[in-house]
Amino acid sequence: AVDANSTLKQLEDLNHQIWQASVRGYTPNDLLDTQDQLVNKLASQGDIKVEKDKYNRVSITMDEQTLLNENTRNEIMTVASLNDSGEAVLSDETTLTAEAKVGQFVIKSDNEGTAGYQPISLDGGSVKGTQDALTVIDDMQAGLDQFAYDFATAVNTIHSNNGDEDGIDFFTVSEEGSALSLQVNQEIKKDPSLIVTGKSLNNEIAGDGSRAQLISSLKNTPINLDGDWYNENTMKINSDVNSSALFDSYNGMVTDMGIIKQQSDNMLDTQEGLMALLEKRRESVSGVDINGEVTDMIKYSSAFQANSKVLATLSEMLDTLINRTGV
């Protein structure tokens with residue numbers, strides 16, 4: 001947003017300079033070239049609509065919201081974070097009551113001294129790509145948090161025998177940010193003998209690893225954590241063929257991420273090829289054709305040499321007439 005606002009400020013200054021030159025009857029080609037470069041830079045960040053008036057001043061809109069015209073320049077803000085109430089906090093620390101996501105653009109306008117904020121949606125550009133990437137990351141983070149919470153809950157249920165008063169949770173985890181908060185119980189860290197491996201919660205039978213083996217079976221056993229999936233009396237897991245194993249969801253997340261990455265790479269290759277084609281077409285219209293310029297140089301050089309030859313011949317003819325004929 002800072003870079004976009006800087007570009008808009010430069011375009012505003014150029015509009016004034018171009019207007020001053022145009023009303024005097026000049027064609028400020030250098031200023032117009034710089035204007036085109038800045039417009040292209042802004043267009044790479046987000047899809048914009050550009051119009052020019054009779055003085056070649058640009059007016060720019062984004063999502064039908066005015067960014068720049070001959071009288072106005074509005075600012076672009078970014079949603080930096082969400083507060084505890086879920087409200088958007090902008091890059092200028094203003095709280096936005098309208099619904100918005102982190103990374104979204106917001107147009108800040110000045111209406112008779114009162115600032116107004118309007119969230120905008122983008123259909124393309126580098127900013128849209130960043131927003132889409134943030135959405136994917138948020139979805140993957142939510143999935144990872146859910147996996148971490150389900151995994152910790154399942155292990156704790158078996159390790160503590162469904163919350164038996166003599167049992168102890170193996171993991172501590174928070175419902176919010178589960179993947180980040182997941183850790184081994186501090187009491188177990190201090191005293192590893194509290195780890196329950198056998199049927200007895202007090203580890204009375206040496207060498208009994210039945211509970212540890214049951215916990216390890218969670219990897220491949222389909223269970224429904226919302227149902228009655230564990231029997232603490234028989235110490236057995238009730239599998240559910242309509243559900244999936246805990247680690248299947250993790251493997252699914254990894255697979256989905258790989259597919260998204262591959263799709264993004266393919267789309268990038270396609271877009272780069274399209275961009276290269278469009279750049280060539282633009283250069284064919286507004287750029288300089290080196291071959292054509294060389295041809296013109298040869299043509300003008302030949303014409304100059306021919307003119308020089310004519311003048312030399314005329315000079316020689318006059319010299320002969322005046323100085324050698326004796327007239």
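Beyond its neighbours within four places in sequence, Ile60 is in contact (heavy atoms within 4.5 Å) with Leu8, Leu11, Leu42, Ile48, Lys49, Val50, Gln65, Thr66, Leu67 and Leu68. The model is predicted, with local features requiring pLDDT of at least 70 and side-chain atom pairs pLDDT 80 or more, while totals for chains, interfaces and linings use all residues. Residues are numbered from 1 along each chain as its sequence is written, and side-chain values use heavy atoms, leaving out hydrogens and water.

A nonpolar core is a set of buried (under 20% relative accessible area, 1.4 Å probe, protein chains only) Ala, Val, Leu, Ile, Met, Phe, Trp, Tyr and Cys residues joined through side-chain atoms within 4.5 Å. In the largest one, of 20 residues, Leu8, Leu11, Ile60, Leu67, Ile76 and Phe105 touch the most other members. Two or more residues each come from α1 (2–23), α2, β2 (58–62), β3 (65–68) and β7 (105–111); helices (H or I, at least four residues) and strands (E, at least two) are DSSP runs numbered from the N terminus. The largest share, 5 residues, comes from α1.

## A separate core

Apart from this core lies another of 16 residues, including Ala152, Ile158, Leu214 and Ile223.

## Gln45

Gln45 is part of helix α2 (residues 29–45) and counts as buried because its relative accessibility is 14%. Its side chain makes a polar contact with the side chain of Asp3 at 3.1 Å; such a contact is a pair of N or O atoms within 3.5 Å, and within protein one must be able to donate a hydrogen and the other to accept it, with residues adjacent in sequence counting only if both atoms are side-chain atoms.

Methods: Buried means under 20% relative accessible area, exposed over 50%, partly exposed in between (1.4 Å probe, protein chains only).
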